[in-house]
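Subject: The structure you asked about

Hello,

Here is the structure, ready for you to open alongside this email. Please have a look at it first, and then read on for what turned up.

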Amino acid sequence: MKKFPNEVEALILECNLIKKHRPKYNISLKDDKSYPYLKLTLAEMFPRIFLTRRVERDGSKYFGPYTSGLAVKETLELLRKIFPLRTCKKFPKRPCLEYHIKRCSAPCVEKISREDYLYFVREAEKFLEGRTGEVEKDLTTRMEIAAEELNFELAAKLRDILFSVKKISEKQKIVTDSGDLDAVGLARFESEVCAQIFFVRDGKVTGRENFMLRGAADETDSEVVTGFLKQYYVGRDQVTKEIFLPVEPDANEIKILSQQLGAKFFVPKRGLKRSLVEMANENAKKFLEETKARREFQNARTKGAVEELKKFLHLPKLPRRMECFDISHIQGSETVASMVVFQDGVPDKKSYRRFKIRSTEGKPDDFLSMREVTSRRYGKLSAEELPDLVVIDGGAGQLSSALEIIRGFGHDVPVVGLAKKFELIFVEGQSEPVELPRESPALYLMQRIRDEAHRFAITYHRTLRRKRNLKQS
């Protein structure tokens, strides 16, 4: 067994192993690499801010991770409206549109000095850290200096930025005079557990994040909070000095964590700080209830769609497992096929399959391609392994090609074709296609499985085409 020089290194290894292997009875957080960050490229002469999902040791500063991709994009858009920082990877030879619409200060053609540009970078950095009070103070001072020096153009620009920052700050309510802190909330609803963090910067709540904690139903609140803190905070570049908790964590482990992070953990008993934790608790509970309600609504809708599909298509049993096929190519080159699987109306992505078609290389023949892929899929399957419904993306011709193969193997599984135009469903033995009602959940389900098959096929086709082009170049 490997020995560690201290408890901190052992704790770091434990957290890394939990994230990597995700043991069944541990709190499960997504790997941070999948989260979006805002990256400030401080190593560059004229730094940029952009969205990334990869954290590297390259001298840049990272803000995040954010659990909402939409939230980080909105934050980035707001930053670009307020601070005129460049967005281009390489300097163009002349100012681009961003400069003309006043979203870039055009350092590429020396419209701004490096000193002035770095000032905006520092203010953007403070803004992202939630220190809007410092930003307002700095902008006011610099604006007054610019006005005294009769540099009215710069003063006007700083005035506009100051106005934007104040407008945003006014929407945030000051909740405490303690500066920067995190308030952690915890809630349980039936067998599910949720943690929420309130981020307070300069006394204002600047954001919050929710985390569904899987595998924590049988653990005590103290164990859940301790495990969550280790997984969330270990390895982060920025941690607030004060973190408020809803319950007392494990004393020994929290002592090690506090030593490593340089943060203090408290369980407030009363006052404003306790109300912050209680608010986080209530928000976590509300999030759990809303998540369950959304899930139940979606399950009911999906179940209704599957039942409707059985009724409209006169199927012998509920189509609980559906397999859908699509063909993709460009004039016969790099022809591929996709098979997507829906189980009880929900995508079962681990069962997806993709096929590189061999029989039609160089010639566009969707019918022959469909024969090949259905032959490769159903040639060796037993009756017990067959789906409840096979969906072919295409009209009567593609359906006939698939039926020729599937029936040739002796399978009596229902097979239908879904035409893109008018969303008509072609059924074996019927001269007239079935047209589902426009507002029917069954129609939505069929469109969804068809679109998913199309997406999966297109993605594989593009991958093969890109590899081919790279070889040719």
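A crossing of two helices is called right-handed if the near helix is turned clockwise from the far one by less than a right angle, and left-handed if it is turned anticlockwise. With that in hand, the crossing of H10 and H11 is right-handed. Please keep in mind throughout that this is a predicted model.

First, the overall picture. The protein has 473 residues, and 45% of them count as buried. Its secondary structure comprises 12 helices and 16 strands. Among contacts with a separation of 6 or more, 59% are between residues 24 or more positions apart. The accessible surface is about 26,500 Å², and carbon and sulfur atoms hold 51% of that.

Back to H10 and H11. Helix H10 covers residues 366–378, while H11 covers residues 396–408. Their axes are 8 Å apart and the packing angle is about 35°. On the H10 side, the residues that meet H11 are Asp 366, Phe 367, Met 370, Arg 371, Thr 374, Ser 375 and Tyr 378. Their partners in H11 are Gly 397, Gln 398, Ser 401, Ala 402, Glu 404, Ile 405 and Ile 406. By class, this contact has 6 nonpolar, 5 polar and 3 charged residues.

Leaving out residues up to four places away in sequence, Ser 401 touches Phe 367, Met 370 and Arg 371.

Next, another helix pair. Helix H4 (residues 114–128) packs with helix H5 (residues 132–148) at an angle of about 155°, and their axes are 8 Å apart. That angle makes H4 roughly antiparallel to H5. The crossing of H4 and H5 is left-handed. From H4, the residues in this contact are Asp 116, Tyr 119, Glu 123, Lys 126 and Phe 127. From H5 come Thr 132, Glu 134, Val 135, Asp 138, Leu 139 and Arg 142. The contact of H4 with H5 divides into 4 nonpolar, 1 polar and 6 charged residues.

Now for two backbone details. Most residues other than glycine have a negative phi. Ala 106, however, has a positive phi, near 55°. You will find Ala 106 in the loop between helix H3 (97–100) and H4. Its relative accessible area is 1%, so Ala 106 is buried. Leu 150 is not a glycine either, and has a positive phi of about 65°. Leu 150 sits in the loop between H5 and helix H6 (152–170). With a relative accessibility of 62%, Leu 150 counts as exposed.

Last, a residue in a strand. Val 427 belongs to strand E15 (residues 424–427). Val 427 is buried, because its relative accessible area of 13% falls under the 20% cut-off. Which residues does Val 427 contact, leaving aside its neighbours within four places in sequence? They are Leu 313, Leu 399, Val 416 and Val 434. Val 427 and Gly 395 are 32 residues apart along the chain, and their C-alpha atoms are separated by 9.8 Å.

Best wishes

Definitions and conventions: Residues numbered from 1 in each chain as written. Predicted model: local features only at pLDDT ≥ 70, side-chain atom pairs only at ≥ 80, totals over all residues. Heavy atoms only, no water. Axes fitted to C-alpha atoms, helices over the stretch in contact; angles between N-to-C directions. Helix = DSSP H or I, 4+ residues; strand = E, 2+ residues; numbered from the N terminus. Parallel < 35°, antiparallel > 145°, perpendicular 65-115°, else oblique. Contact = heavy atoms within 4.5 Å. Nonpolar A, V, L, I, M, F, W, Y, C, P; charged D, E, K, R; others polar. Buried < 20%, exposed > 50% of the residue type's maximum accessible area, 1.4 Å probe, protein only. Areas by Shrake-Rupley, 256 points an atom, 1.4 Å probe, with all protein chains shown as cover.
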